Amino acid sequence: ADGLCFFIRGVAHRREANERGRFLSELVHHVSLGIAAATPEGCVEYTNRAFRELWGLPPDADGRGLDLRGLFTDPAAAEELLQAAAGHALCRCRLEAARADGTTLAVEVTLTPSLDPAAPASGLVMTVQRVEPSSPSPR
């Protein structure tokens, strides 16, 4: 009976963790900020709906494999962001997004490295929102 009780407890815990994971996934998918997760080298591994809409990606595209440097009109500025994030710096700036249809869009970008400053960056999270081109850059 003790083993059966333990088994039931383990299943309930796993189900709760799965439900929490689905909730967080839905939350990220529906948030209005564009969100992308990437490797420290800048290879995109995940994008949410808002990110794909900002860049004008086709509805069936998930953004995987894109290079963060190629998402902006100034790849050198994007490279500087990647280098700063690799050094565990939180980076925020305004850049021009190079959209899939060839148009550009002014965006505010925040790039955050993995949270453990004692370890090499294991990943990056980029949030993006549209801004007016004449808006002053945040300090």
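## Salt bridges around Arg69

Glu79 and Arg69 join their side chains in a salt bridge, 2.3 Å from N to O. A salt bridge is a side-chain nitrogen of Lys or Arg within 4 Å of a carboxyl oxygen of Asp or Glu. The pair connects distant parts of the chain: Glu79 sits in helix 3, Arg69 in the loop between helix 2 and helix 3, ten residues apart. Helices are DSSP runs (H or I, at least four residues), numbered from the N terminus.

This is a predicted model: local features need pLDDT of at least 70, side-chain atom pairs count only at pLDDT 80 or more, and totals for chains, interfaces and linings use all residues. Residues are numbered from 1 along each chain as its sequence is written, and side-chain values use heavy atoms, leaving out hydrogens and water.

Asp67 also meets Arg69 in a salt bridge, at 2.7 Å from N to O. Arg69 is partly exposed at 22% relative accessibility. Buried means under 20% relative accessible area, exposed over 50%, partly exposed in between (1.4 Å probe, protein chains only).

## Aromatic cluster

Ring pairs link Phe51, Trp55 and Phe72 into a cluster. Rings of Phe, Tyr and Trp (its six-membered ring) pair if their centres lie within 6.5 Å; planes under 30 degrees apart count as stacked, over 60 as edge-to-face and the rest as tilted.

The structure has two aromatic pairs. Phe51 and Trp55 are stacked, because their ring centres lie 4.4 Å apart and their planes meet at 25°. Trp55 and Phe72 are edge-to-face, with centres 5.7 Å apart and planes at 85°. Trp55 is buried at 2% relative accessible area. Phe72 is buried too, at 5%.

How values were computed
Helix = DSSP H or I, 4+ residues; strand = E, 2+ residues; numbered from the N terminus.
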